[in-house]
Structures are given as structure tokens and as C-alpha cells.
Amino acid sequence: MSELTTDAAALTRTVPVDRARLLDYAAASGDQNPIHQDTAAARAAGLEDVIAHGMWTMGAALDVVTAYVGGDPGRVLSCSTKFTGMVVVPEDATVEIHVEGAVKRTDEAAGTQTLELTVTSGGRKVLGRCQAVVRA
Amino acid sequence: MTAFVVPGYDVRRRASTSHRDRRTRPDRLTRMALNTDFAGREYPPAGPFPVSREEIADFAAAVGATAAAHRDPAAAQALGHRDVVAPPTFAVRLAQRCEAQLVQDPEAGIDFTRVVHGEEGFTHHRPIVAGDVLTGVLHVDRMREAGGHGMVSTRVELTDDGGRPVTTVTSTIVVRGES
């Protein structure tokens, strides 16, 4: 394997999401809950409008981590998050999530780094304690 | 269909309020109670789930994952992998099918319409690659009532066709008390 590299510049990204993308995610993930697809269903569940799957947001955010480790998904050893806010996706709108990662810890003995991601939408945090451990 | 899961918010703040309510006015606990006897339960293996290149590419596209190793076998092989590699959260697709055994069991007392997603975690013992045939064993690690809400923590251990560990997926859902 070639020498491992990391790319700190890869840790910032803005990802757009619209209804079409949520339909794609529903199909790809198997999570067909209608509150992620249909305004009426979302409102019936007490929500303002359709919201993105929390797992979509986590998946979209985590790609900066894969990019950081040179595009090798095999170097992402673990990841976890709490879900702290909703990403509302109105019909005919494109909403953005903003991802900013930072290296929180380096464990030289283990050859790993822990990254922490700050993930916001419209200036509000949507994920909490979103972290990943990578092979550095 | 998999678990109806909504990203959680404000759960802790509401929990403390509801907790007081429930202590003083037990009649206000409106939803059905969790069957906490399910805690500690381990389910028979679910699957097998064959993982295809197409599934990995579709998942990568849906979350906007950019790495060539998700789509291009040659790029994945250049990194030392047998075939295209799944994005870090891909295993949720398989884990939620395993979790459905619990969440959709009426005996468990989990009301879909009140469920919010609290936490999720993935530990990769090795990467998931196309061509894998995985099975998942669902464990109910915790199931309890807290402050008028139900909390359910599950763990799915995904293994390959040789029984070797691949990914551990942990998930916590919160079943909201009052709306």
C-alpha cells in the first residue's frame, strides 16, 4: 500500500439536499418512512414539513472523513453521532448542510486519529458529538 | 419496511418535564409502555444479505459520497480492497432490517409514530465490500422507561459468511411520551 496521507482541506464541505435526494436515500437505505417524502405524512406526525433522514445527514457528513483519508473508506474505523436537530426539506427547495471537521486527537501508538465534525443547517447544529476514528 | 425513525431533538429537555408530570400525574402517560422484558434479548441471525456493487454505488450517490473506491473496482483494488467499498454508514441498510424484528413486534410496545432517532454508531472490524454475504444478529442492549420516554438501545453484529465480525452497528431510539 502506498504511504498514507491525510488532507485537512477535505474536512469542510457544503452538501445540498432536496426531495429527489431524499427519495434516492429512501431507496438506497431501505428507510421508506413517509415523513421523509410526503408533506402530509410529516405534518400528520407533528412535524413542520418533510425532514431529511437523520442517517442521510450522518452519511452525507461522514464523506469528509473518507476524503480526509485519501478516499479510502477502509481507513474509517468507526463513527458515531447523536441526532440533535432536524433538517427540514420543503417541496421545490434545496437545503444545505454545512460540515466542518477537525482533528480532535492523535493516538500515535495506535496509528489513529479521532475527528470531530460540526454539522449545521441554516446555522443550527443538526448532529451532536459526531466523531470518526481513522487510520492515520 | 424498516423502523420509522426521526432524528431526535429537544428530547432531553422534554424528558425532564415529562418526568415530573409522570410522577405527580401518572394518568398523563398516554402512550403504551415499552415491554422492558425485551432487554437482553438476542435474535436469531437475519439475512443473508448479499452486498452488490450497485447497492454500494446507489447508497454512495444518495449521501453524496465522492470516493472512487465506492464505484470503481480498480480504484478500490488499488487501495488493497477486493472490490468496491461501502461508505461508512452503509451498514445501516442491513442493520435496520435486523432491527425491524424488534421494532415491528407488537409485543415490544414500540409506537412507530412516536419514535425519534437518538444515536447511531458503527464500528468497522473490516470494510464492507461488494460480494460480501453478511448476516446480522440483533441484540437488545437496553430498553427502559426514563422520564416519560422510552429508550431502546440495540446492537447489530454483522458477520461474513465465514462467521467473522465485519461491522457492529449500535442505535438508540427514543419513544416520545407526550407530544
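**Notes on the model**

1. Strands 4 and 5 (residues 124-125) of chain A pair in the antiparallel sense over 2 bridges. Pairing here requires that DSSP find at least two bridges between two strands; helices (H or I, at least four residues) and strands (E, at least two) are DSSP runs, numbered from the N terminus. A:Thr120 has A:Lys125 of strand 5 as its bridge partner. The hairpin made by these strands has 2 residues between them, and A:Gly122 in the turn has a positive phi of about 60°.

2. On provenance: this is a predicted model, in which local features need pLDDT of at least 70 and side-chain atom pairs count only at pLDDT 80 or more, while totals for chains, interfaces and linings use all residues. Residues are numbered from 1 along each chain as its sequence is written, with chains lettered from A and ligands numbered from 1 in the order in which they are written.

3. Strand 4 of chain A also runs antiparallel to strand 3 (residues 95-107) of chain A, joined by 9 bridges, and A:Thr106 is paired there with A:Gln113. Their hairpin has 4 residues between the strands, and A:Gly111 takes a positive phi near 70°. Strand 6 (residues 127-135) of chain A is joined to strand 4 by 6 bridges, again antiparallel; A:Glu116 has A:Gln131 as its partner.

4. Side chains alternate along strand 4 (residues 112-121) of chain A. Buried means 20 or more other C-beta atoms within 10 Å of the residue's own, exposed 12 or fewer, and partly exposed in between, with C-beta atoms placed from the backbone.

5. Helix 3 (residues 54-68) of chain A is largely enclosed by the rest of the structure, because 15 of its 15 residues are buried. Just after this helix, A:Gly70 takes a positive phi of about 70°.

6. The contact between the chains takes 42 residues from chain A and 43 residues from chain B; two residues are in contact if their C-beta atoms, placed from the backbone, lie within 7 Å. Strand 3 of chain B gives the most to chain B's side, with 8 residues. This strand is joined by 5 bridges to strand 2 (residues 76-83) of chain A, and the two run antiparallel. A:Ser80 stands opposite B:Gly121.
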